[in-house]
Amino acid sequence: MTHRIEVNVQTGVTSIIQYTAEEQAAHDAAVAAQQAEAQALADAAVAAQVEAQALADAQALADAQALAEAQATQQQTNEPT
């Protein structure tokens with residue numbers, strides 16, 4: 001079980017106090033909430049990276065298509081009629 005350290009400021013005596021079942025449950029719930037929040041933030045960061053890469057890939061594809069169209073137009077312009 002988890003414990004807390006208490007210091008009597010009048011006497012300076014330090015005591016280690018074991019958590020009660022209720023305190024342990026509250027502690028465990030708080031730790032679980034912190035872990036869930038940390039995981040959610042990590043998941044959001046990964047999702048943002050994936051989205052950024054998808055946008056970069058889409059832009060690269062659009063740029064490549066625009067270049068191909070420009071080259072095709074240029075080729076048609078240069079062909080003798």
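**Exercise 1. Confidence**

What pLDDT does the protein average, and what percentage of the residues score at least 70?

*Solution.* Step 1: recall the term. pLDDT is the predictor's confidence in each residue, from 0 to 100. Step 2: read the values. The protein averages 94, and 99% of the residues score at least 70. Step 3: look at the elements. Mean confidence is lowest in S1, at 95, and highest in S2, at 97.

Some ground rules follow. This is a predicted model, in which local features need pLDDT of at least 70 and side-chain atom pairs count only at pLDDT 80 or more, while totals for chains, interfaces and linings use all residues. Residues are numbered from 1 along each chain as its sequence is written, and side-chain values use heavy atoms, with hydrogens and water left out.

**Exercise 2. Elements and overall form**

*Solution.* Step 1: count the elements. The protein has 1 helix and 2 strands. Helices (H or I, at least four residues) and strands (E, at least two) are DSSP runs, numbered from the N terminus. Step 2: read along the sequence. The pattern is β-β-α. Step 4: check the box. Along the principal axes, the C-alpha atoms fill roughly 105 × 25 × 10 Å. Step 5: check the burial. Of the 81 residues, 2% count as buried. Buried means under 20% relative accessible area, exposed over 50%, and partly exposed in between (1.4 Å probe, protein chains only).

**Exercise 3. The hairpin**

Describe how S1 and S2 pair, and name residues that face each other.

*Solution.* Step 1: find the strands. S1 covers residues 3-7, and S2 covers residues 14-18. Step 2: state the sense. S1 and S2 are antiparallel, with 5 bridges. Two strands pair if DSSP finds at least two bridges between them. Step 3: name partners. Ile5 stands opposite Ile16, and Val7 has Thr14 as its bridge partner. Step 4: inspect the turn. The hairpin has 6 residues between the strands, and Gly12 takes a positive phi near 80°.

**Exercise 4. A nonpolar patch**

Which residues make the nonpolar surface patch of about 310 Å²?

*Solution.* Step 1: name them. The patch is made by Ile5, Val7 and Ile16. Step 2: apply the rule. Patches are made of residues with over 30% relative accessible area and no salt bridge; like charges are joined within 9 Å, and nonpolar side chains (Val, Leu, Ile, Met, Phe, Trp, Tyr) within 5 Å. Areas come from the Shrake-Rupley method with a 1.4 Å probe; for residues, only the protein chains shown count as cover. Step 3: check one member. Ile5 counts as exposed because its relative accessibility is 56%. Step 4: recall strand geometry. In a regular strand, side chains alternate between the two faces of the sheet.

**Exercise 5. Salt bridges**

How many salt bridges does a search of the whole structure find? Trace how they connect.

*Solution.* Step 1: count. The search finds 2. A salt bridge is a side-chain nitrogen of Lys or Arg within 4 Å of a carboxyl oxygen of Asp or Glu. Step 2: take one pair. Arg4 meets Glu6 at 2.9 Å, N to O. Step 3: take the other. Arg4 meets Glu23 at 3.0 Å, N to O. Arg4 lies in strand S1 and Glu23 in helix H1 (residues 21-78), so this pair ties together parts that are 19 residues apart in sequence. Step 4: join them. Arg4, Glu6 and Glu23 are linked in a network. Arg4 is partly exposed at 28%, Glu6 is partly exposed at 36%, and Glu23 is partly exposed at 28%.
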